[in-house]
Protein chains: 6
Amino acid sequence: MTEERTHRYPEFADPMVRPRYVGLPTFMRAPYEEDLSAVDIALVGIPFDGGVTNRPGARHGPREIRNQSSLMRRINQATGIDPFALCRIADAGDAWVESPYELESALEEIAAFYRRLHAAGTAPVSAGGDHSVTLPVFRGIAAERPVGMVHFDAHCDTGDDYLGSKFHHGAPFRRAVEEGLLDPRRTVQIGIRGPINDPDIWSFSHESGMRVVYMEELYERGPKDVIEEARGIVGDGPTYISFDVDGLDPAFAPGTGTPECGGFSVIEAQIMIRALRGLNLVGGDVVEVAPPFDPSGNTAMVGATILYEILCVVADSLAGRKGG
Amino acid sequence: MTEERTHRYPEFADPMVRPRYVGLPTFMRAPYEEDLSAVDIALVGIPFDGGVTNRPGARHGPREIRNQSSLMRRINQATGIDPFALCRIADAGDAWVESPYELESALEEIAAFYRRLHAAGTAPVSAGGDHSVTLPVFRGIAAERPVGMVHFDAHCDTGDDYLGSKFHHGAPFRRAVEEGLLDPRRTVQIGIRGPINDPDIWSFSHESGMRVVYMEELYERGPKDVIEEARGIVGDGPTYISFDVDGLDPAFAPGTGTPECGGFSVIEAQIMIRALRGLNLVGGDVVEVAPPFDPSGNTAMVGATILYEILCVVADSLAGRKGG
Amino acid sequence: MTEERTHRYPEFADPMVRPRYVGLPTFMRAPYEEDLSAVDIALVGIPFDGGVTNRPGARHGPREIRNQSSLMRRINQATGIDPFALCRIADAGDAWVESPYELESALEEIAAFYRRLHAAGTAPVSAGGDHSVTLPVFRGIAAERPVGMVHFDAHCDTGDDYLGSKFHHGAPFRRAVEEGLLDPRRTVQIGIRGPINDPDIWSFSHESGMRVVYMEELYERGPKDVIEEARGIVGDGPTYISFDVDGLDPAFAPGTGTPECGGFSVIEAQIMIRALRGLNLVGGDVVEVAPPFDPSGNTAMVGATILYEILCVVADSLAGRKGG
Amino acid sequence: MTEERTHRYPEFADPMVRPRYVGLPTFMRAPYEEDLSAVDIALVGIPFDGGVTNRPGARHGPREIRNQSSLMRRINQATGIDPFALCRIADAGDAWVESPYELESALEEIAAFYRRLHAAGTAPVSAGGDHSVTLPVFRGIAAERPVGMVHFDAHCDTGDDYLGSKFHHGAPFRRAVEEGLLDPRRTVQIGIRGPINDPDIWSFSHESGMRVVYMEELYERGPKDVIEEARGIVGDGPTYISFDVDGLDPAFAPGTGTPECGGFSVIEAQIMIRALRGLNLVGGDVVEVAPPFDPSGNTAMVGATILYEILCVVADSLAGRKGG
Amino acid sequence: MTEERTHRYPEFADPMVRPRYVGLPTFMRAPYEEDLSAVDIALVGIPFDGGVTNRPGARHGPREIRNQSSLMRRINQATGIDPFALCRIADAGDAWVESPYELESALEEIAAFYRRLHAAGTAPVSAGGDHSVTLPVFRGIAAERPVGMVHFDAHCDTGDDYLGSKFHHGAPFRRAVEEGLLDPRRTVQIGIRGPINDPDIWSFSHESGMRVVYMEELYERGPKDVIEEARGIVGDGPTYISFDVDGLDPAFAPGTGTPECGGFSVIEAQIMIRALRGLNLVGGDVVEVAPPFDPSGNTAMVGATILYEILCVVADSLAGRKGG
Amino acid sequence: MTEERTHRYPEFADPMVRPRYVGLPTFMRAPYEEDLSAVDIALVGIPFDGGVTNRPGARHGPREIRNQSSLMRRINQATGIDPFALCRIADAGDAWVESPYELESALEEIAAFYRRLHAAGTAPVSAGGDHSVTLPVFRGIAAERPVGMVHFDAHCDTGDDYLGSKFHHGAPFRRAVEEGLLDPRRTVQIGIRGPINDPDIWSFSHESGMRVVYMEELYERGPKDVIEEARGIVGDGPTYISFDVDGLDPAFAPGTGTPECGGFSVIEAQIMIRALRGLNLVGGDVVEVAPPFDPSGNTAMVGATILYEILCVVADSLAGRKGG
């Protein structure tokens with residue numbers, strides 16, 4: 001019906017550029033598409049928080065990130081990247097879980113979604129969900145060879161058995177290395193901080209060869225210098241970006257499950273992600289947006305902003321590989 | 001892609017019954033459908049608040065009512081009505097405005113949407129938006145004959161010229177009578193209250209023959225008795241339900257533009273709407289949900305609940321007329 | 001300067017009827033007037049919470065009640081009373097305290113304000129502040145003879161020495177009786193409830209002859225019946241209305257210092273206050289609005305609404321006495 | 001150290017009566033006691049929300065209910081019951097779960113806690129947690145004979161397999177009947193409402209002989225009449241009180257996992273619980289307080305209030321049985 | 001009446017230094033004065049948000065900035081400037097709009113206010129309102145010659161026709177140049193960022209000769225270096241300061257209509273404004289404070305702080321010109 | 001009872017390492033201990049805000065800091081300090097006040113608590129309360145010789161008589177110097193800023209020899225350089241750390257009584273406190289957390305984080321002195 005509508009502004013035929021308070025909140029108001037045959041990059045929600053160790057709520061992250069992502073627009077003013085011009089991008093819906101009460105099988109449901117997506121030749125840029133979901137994403141997209149990773153977080157998430165499982169949200173990257181999905185020598189973890197109960201809690205990171213940039217070092221060196229080093233570490237192999245919003249200071253992202261005071265700012269995060277341009281990027285995610293802990297909606301807005309920044313560099317990378 | 005998914009529970013093929021935090025927030029997770037040829041009832045958002053006299057924000061109402069409407073389910077437990085079984089119901093998107101800075105033309109944009117909808121033989125159940133939007137809805141659906149109305153509100157909304165216009169949200173029903181769209185003798189206004197500046201502000205209601213039930217009378221008589229009278233007044237002619245959430249006490253719906261303390265409760269509203277079953281209902285709306293004034297999201301949840309109650313009685317009425 | 005302005009609507013020369021989001025927030029946008037010689041009723045703020053026993057914050061009450069009181073209008077639609085037409089009403093500013101760190105002298109500072117006001121022949125309708133402030137109001141206006149009182153509250157506030165003082169906000173009415181300012185046999189306390197530590201905490205109320213209507217009785221009998229009895233008790237002697245917002249259920253007024261779940265509603269409060277019309281009313285107050293505990297602002301809006309209802313019946317009473 | 005302190009008020013030796021903002025927030029500031037040998041009634045927290053179907057967060061309920069319970073005092077003013085004088089009451093800490101990622105074993109951890117408590121001859125009054133936890137409470141206290149129940153809720157919670165389990169928070173009472181822990185013919189469910197997806201979702205309640213009082217019936221008959229009937233149904237056998245705060249209208253208790261608009265009020269809840277006095281009460285619980293969804297803290301305050309009301313009637317009943 | 005009061009502290013005769021929670025919230029508790037004949041600098045509110053393209057609410061900005069401005073004090077501790085000693089400063093009330101439903105005439109109402117103010121020889125420091133209001137301010141004060149501008153914002157606001165008008169809040173400075181009110185070669189825009197739909201959206205800024213400092217450049221160079229350049233650009237001609245709070249990161253100012261993550265901090269803003277001392281400053285404004293999107297009130301507090309910083313440098317400049 | 005529990009993870013026998021949402025919220029879940037004979041460092045709450053000059057609420061600080069301190073863990077990852085391994089640390093409860101209505105005697109009640117604590121040989125790390133409480137802490141621990149101080153704050157708090165007292169929260173350090181408890185030449189005040197009414201308000205700081213680092217200087221030099229100077233000033237004499245959360249920017253700590261925009265960040269605060277390691281530290285405090293002004297709970301989380309950082313350096317210092 002509404003297609004009969006005559007638009008005063010022809011560009012309004014595109015829902016992405018309409019006034020931001022109108023229309024359905026798909027991710028960035030991109031088209032909703034379940035058939036991925038003609039989609040280069042899929043924006044996917046993972047509404048699952050069954051792996052948290054403290055405050056749940058990240059299951060509501062995709063809904064609210066979609067909502068706030070209407071504030072995004074097409075072109076990245078800082079870099080000039082127009083991801084929607086470079087790639088075919090769609091909201092592919094949610095990798096939701098039918099049996100959420102058992103952690104391991106839940107993660108396997110998610111993995112199945114990403115295997116189908118990967119089989120379609122589509123790269124994922126996802127919004128969690130708690131950080132346990134990155135493991136099944138890796139199962140879907142890294143089965144044939146391990147990926148490298150630039151990982152923004154307050155926590156290394158390379159822990160072990162806790163609360164009856166080794167698949168909780170503080171451990172996915174240890175599992176990913178063990179399963180051959182993640183190359184620890186091509187992994188950089190940035191923003192790590194906070195008090196700990198076990199002095200060896202992140203020993204796996206150090207022993208496996210990951211580069212851990214603690215928050216103090218990031219504060220001293222600044223974002224550009226740290227990312228310059230990170231680029232050298234991940235090199236030109238396939239690389240994934242995982243961004244846990246608790247890497248940011250809680251002033252910027254209070255709505256998260258395991259907040260740690262004393263983090264970096266959003267502009268610093270943006271500078272770091274933009275500086276990843278040119279790497280061989282195969283996907284990324286923003287996780288741990290827990291809207292119930294931030295009634296202002298700001299954390300979801302930050303989540304949408306970071307998701308957009310990741311989308312830009314992934315699209316640029318993908319277009320470069322295709323073009324080449 | 002996801003249609004390949006094998007569901008553990010076959011009913012999960014229907015997005016309406018999936019876990020409520022997953023998927024896109026169309027109204028009640030009904031299918032999104034721009035082609036109305038096979039739609040009996042369209043759920044429509046009207047993200048416009050250019051007619052407010054005090055606090056704006058209702059333009060964000062449709063988005064948040066959609067979000068909270070995932071908490072609805074198929075069947076009305078109190079009445080047994082399953083609107084989705086009785087009628088073909090879809091989310092028809094937003095009647096949004098391309099030129100919002102001029103009130104009269106903005107309302108005409110909305111009217112055009114409803115004319116197309118009405119021409120398709122579809123009945124609307126809408127979520128505003130401020131109350132000025134009901135006038136263009138009437139222009140769309142009542143051009144051939146005036147409708148009657150059961151109107152829940154703290155204000156009669158039959159005012160006149162104010163702030164440079166007679167089309168603001170405190171005047172739509174005076175305009176509707178003048179335009180021959182609303183039959184005042186078949187109109188009942190319930191919940192009216194609050195201090196006033198002009199003793200004659202609602203004189204049009206009284207002089208035109210509308211029945212005004214002030215809040216004190218509602219408190220004394222109770223909801224069932226008042227609706228019994230209302231049924232007699234609107235009779236069996238075509239009738240519209242317009243529900244301004246400021247009719248509710250602000251404890252139940254703080255997120256609104258012109259709150260008036262001392263209103264009715266949600267259970268009383270539900271009892272009243274359910275008691276309209278059997279009337280000749282042609283549509284309805286919920287207006288004045290202004291989410292920025294309620295960070296808890298409760299007002300939008302109330303808005304979704306009332307929208308669902310109206311949908312149930314409209315669907316039941318429509319099915320009865322069709323069946324007959 | 002702005003008086004040169006030519007108004008499109010002549011009534012806009014009066015700040016009280018301008019759009020509610022414009023202008024300075026005096027109480028109900030009444031004129032600010034420090035000279036009370038031509039003022040019948042003074043709206044006064046008492047920004048003092050040095051008498052609380054639990055949560056402070058009521059010092060911020062007058063500011064926020066003024067802010068929300070812009071939502072009021074001139075005429076009480078339910079009763080037809082136009083207080084501004086009946087009496088000369090002004091915002092007389094705040095009875096603020098210069099030495100707040102010592103409770104007794106602070107209360108005496110407040111009393112001095114009310115003595116001046118009373119000497120000017122002006123009746124006060126005040127916004128607290130915690131309930132300890134009603135004692136100095138009485139010292140100002142009841143020195144020549146005790147007043148009766150209709151008192152809405154969850155607590156009798158007739159306690160004794162606690163936390164080092166007998167002038168805290170749980171005791172003003174015992175002090176007032178002792179000081180000969182309040183006639184306990186002409187005092188009715190409505191809405192009393194909540195758990196207690198001392199079974200005799202309110203024994204002074206009972207032994208001095210006050211009528212205590214517990215919340216259960218109010219629920220059973222309803223507001224009209226209770227007020228009918230109250231009218232008989234206070235009779236035609238000078239009577240004061242004191243309304244502690246914690247008499248309301250916290251769903252309606254969460255921003256208060258000593259909330260007690262299970263109270264009455266705003267519409268019930270309005271019905272009760274309106275039913276006091278015709279009594280010999282000499283003033284009133286709304287106390288214990290503590291805005292920091294209600295970021296939505298609703299409690300202050302309720303406070304403004306109740307203040308307006310009290311103003312109406314006081315103005316009506318005052319005009320009647322003058323007229324006679 | 002502090003016991004050396006000389007108190008100005010001798011009663012301040014008891015932490016329960018100190019100013020409410022001081023000290024550690026045990027439940028109602030009762031003594032914390034892990035050794036239950038001298039405890040008649042244990043106040044227990046169950047910080048588990050692994051059984052929710054929609055919004056998690058009730059794991060944070062016990063912490064915040066303890067926090068707000070400082071607002072309680074010793075004696076129930078409405079009934080005169082002083083539970084702390086009648087029984088030895090302690091905060092027994094949390095029945096917390098070490099392996100929360102697997103629902104069934106988590107519930108069994110909770111059951112083990114209650115078996116130890118029951119073996120010590122102690123009656124539990126608990127604060128959840130989601131409603132799935134009432135099943136393991138029953139396993140702990142009802143193994144030797146089924147109990148009756150007065151159940152306040154928006155949902156019957158007698159569902160079946162959903163999301164991969166039949167132990168989620170919408171099904172505990174079906175499981176309890178099947179396990180011989182709950183006598184359906186001595187069970188009354190009050191406040192039931194809300195839309196449903198499956199018309200037979202609560203058929204187990206009806207077919208097993210439970211009495212279901214829908215919200216409309218409660219509104220029509222009023223709380224006293226409904227409880228009068230309930231007393232007859234549960235009779236003089238051992239009876240448990242389970243109170244889901246979503247039975248209340250969300251205006252009173254927005255912080256909950258599955259809100260349903262149109263519920264009863266707190267004063268109505270209090271009247272109903274108080275009217276259970278004299279029954280043979282063996283314990284009770286308040287569940288589904290999810291603090292993240294109510295930043296005001298009001299829902300936890302309501303939870304504490306209801307917990308106190310249940311404690312009063314359970315203590316009165318227990319003292320009566322002992323005394324007899 | 002209150003002037004009879006004897007103050008314990010003589011300085012309390014001045015409302016500006018009284019406890020901050022007392023008294024009427026004029027801007028910084030300066031005297032309210034409609035007659036501008038003896039006023040050097042007028043603090044003016046512009047409660048209008050009819051030009052927004054996304055989230056409205058800035059009409060409530062002046063009220064809340066006044067409220068929070070009570071936290072200001074007389075002397076700028078960082079610079080030693082005491083604006084109230086240098087100039088006669090008053091709160092001149094609101095430049096409010098009687099016909100808000102039509103954008104162009106609304107702006108002209110505002111312009112009329114500023115023409116009267118300018119004719120009185122008074123310099124304005126204003127609090128919006130959305131950014132569309134700066135155009136009519138310019139019409140009032142820059143008719144005889146264009147001004148230069150230091151402009152803090154996330155957006156250049158030099159757009160064109162959109163949503164049916166070219167006078168919305170994203171375009172005022174293009175209009176101002178076209179109307180000969182603003183000298184683009186003496187204009188610096190600082191903090192620009194965020195995704196865009198049209199790559200040429202800010203081409204007018206670049207083509208007209210404005211200096212655009214994007215956020216990345218500001219982060220790299222720091223505030224002092226950027227302002228040093230800005231001083232050179234605006235030179236010693238008449239210069240205006242326009243501060244859109246969305247230039248700040250949303251962590252500092254969430255309550256705004258078009259938030260863009262990744263902005264500067266308040267201390268950086270203060271350093272930049274203070275460094276404008278000595279320029280030939282003719283007025284300034286703070287715009288886009290939308291209180292409904294920040295229930296904490298912090299954004300309005302930031303708005304008041306920035307308004308005070310602008311007032312200080314404008315007063316210093318004005319006093320210098322007068323003194324010379 | 002629960003000690004019989006068999007833990008799946010042996011470390012769970014220690015409440016400090018259990019899941020953070022379980023158990024009683026003592027400070028950092030350390031053992032609650034009233035007998036200080038075997039306690040090296042006591043964590044103490046001071047729930048008193050009777051000394052504020054603007055917004056009260058800090059009396060609720062200890063309760064909420066305890067609540068959020070469950071997010072802390074044992075070992076400081078940045079410095080490797082494990083305070084609980086170095087010292088015997090306990091929650092010693094609250095230094096609460098029985099007679100809060102009179103400021104001077106209230107402070108003396110607090111002093112008595114700290115004298116007992118000091119006599120037991122225990123060092124205090126305290127959570128306020130407003131800043132007036134540091135004076136009685138000093139009376140307790142510095143009677144035998146003055147201490148030096150590193151003081152983080154927006155205000156010097158060396159004012160004089162105001163609002164009827166010289167013991168309000170803006171004056172404790174002038175009183176402390178006068179009472180011989182604080183050595184001004186070994187005192188550094190960091191972060192000072194904000195407008196002032198009296199140009200000489202902090203002259204006592206300057207004249208007595210305190211080093212005042214204004215916010216602008218801190219921004220320019222950075223945290224490490226400033227602390228390097230501070231270390232030289234306090235030298236190796238006994239030194240106290242006092243941290244007023246209003247030294248932080250309100251974006252990080254909005255819940256405070258006298259917010260001043262434009263402060264430092266949490267990571268900067270952490271860097272500064274950690275750099276105090278090795279000084280001769282005798283105690284410290286975090287004050288002015290006023291939870292009612294931050295419904296998100298973030299300010300209390302920041303307060304808990306800072307309290308933990310102070311605890312770490314105090315414990316390290318104490319252990320070093322003992323070890324030596």
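What rotation, and what shift along its axis, superposes chain B on chain A? In this predicted model, a rotation of 180 degrees with 0.0 Å of shift along its axis brings chain B onto chain A, with an RMSD of 0.0 Å. The two copies are thus related as by a two-fold rotation axis.

## How chains A and B meet

The residue of chain B that comes closest to the rotation axis is B:Pro295, whose C-alpha atom is 2.8 Å from it. The contact between the two chains takes 36 residues from chain B and 36 residues from chain A, and because 100% of the interface residues of chain B are also interface residues in chain A, the copies meet through the same surface.

On the side of chain B that touches chain A, at least two residues each are supplied by helix H1 (61–68), strand S2 (89–94) and helix H3 (103–119) of chain B. The largest share, three residues, comes from S2(B). When the residues of this side of chain B are sorted by class, 16 are nonpolar, nine are polar and eleven are charged.

Other pairs of chains do not touch. No contact joins chain D and chain E, and their closest C-alpha atoms lie 12 Å apart; likewise, no contact joins chain B and chain F, whose closest C-alpha atoms lie 12 Å apart.

## Helices H9 and H10 of chain F

Two packed helices are described by the angle between their axes and the distance between the axes. In chain F, helix H9 (residues 266–274) and helix H10 (residues 298–323) pack at an angle of about 15 degrees, with their axes 9 Å apart. Because angles under 35 degrees count as roughly parallel, H9(F) and H10(F) are roughly parallel to each other, and H9(F) passes H10(F) in a right-handed crossing. From H9(F), the residues F:Val266, F:Ala269, F:Gln270, F:Ile273 and F:Arg274 meet F:Val302, F:Thr305, F:Ile306, F:Glu309, F:Ile310 and F:Val313 in H10(F). By class, this contact has seven nonpolar, two polar and two charged residues.

How many of the nine residues of H9(F) are buried? Eight of them are, and H9(F) is therefore described as mostly covered. The buried residues are F:Val266, F:Ile267, F:Glu268, F:Ala269, F:Gln270, F:Ile271, F:Met272 and F:Ile273. What covers them includes elements of chain F, namely strand S4 (147–152), helix H8 (223–234), strand S7 (239–244) and H10, together with helix H7 (215–221) of chain A.

## Helices H3 and H4 of chain F

Another helix pair in chain F is formed by H3 (residues 103–119) and H4 (residues 134–141), whose axes come within 7 Å and cross at roughly 35 degrees. H3(F) passes H4(F) in a right-handed crossing. Among the residues that make the contact are F:Leu107, F:Ile110, F:Ala111 and F:Tyr114 of H3(F), and F:Leu135, F:Val137 and F:Ile141 of H4(F). By class, the contact has ten nonpolar, two polar and three charged residues.

## Two buried residues

A:Ala127 is found in strand S3 (residues 123–128) of chain A. A residue is buried if 20 or more other C-beta atoms lie within 10 Å of its own, so A:Ala127, with 30 C-beta neighbours inside 10 Å, counts as buried. Leaving aside its neighbours within four places in sequence, A:Ala127 is in contact with residues including A:Gly45, A:Ile46, A:Pro62, A:Asp285 and A:Leu307. A:Thr6, which is 121 residues from A:Ala127 in sequence, is 35 Å from A:Ala127 in space, C-alpha to C-alpha.

In chain B, B:Ser205 lies in helix H6 (residues 203–208), and this residue counts as buried because of its 23 C-beta neighbours inside 10 Å. Not counting residues up to four places away in sequence, B:Ser205 touches B:Cys156, B:Thr158, B:Gln189, B:Met210 and B:Val212. The C-alpha atoms of B:Ser205 and B:Arg59 are separated by 27 Å, and the two residues are 146 residues apart along the chain.

Conventions:
Residues numbered from 1 in each chain as written. Chains lettered and ligands numbered in written order. Predicted model: local features only at pLDDT ≥ 70, side-chain atom pairs only at ≥ 80, totals over all residues. Axes fitted to C-alpha atoms, helices over the stretch in contact; angles between N-to-C directions. Helix = DSSP H or I, 4+ residues; strand = E, 2+ residues; numbered from the N terminus. Parallel < 35°, antiparallel > 145°, perpendicular 65-115°, else oblique. Left-handed = near helix turned anticlockwise from the far one by under 90°. Contact = placed C-beta atoms within 7 Å. Nonpolar A, V, L, I, M, F, W, Y, C, P; charged D, E, K, R; others polar. Buried ≥ 20, exposed ≤ 12 C-beta atoms within 10 Å, placed from the backbone. Least-squares fit on C-alpha atoms with pLDDT ≥ 70 in both.
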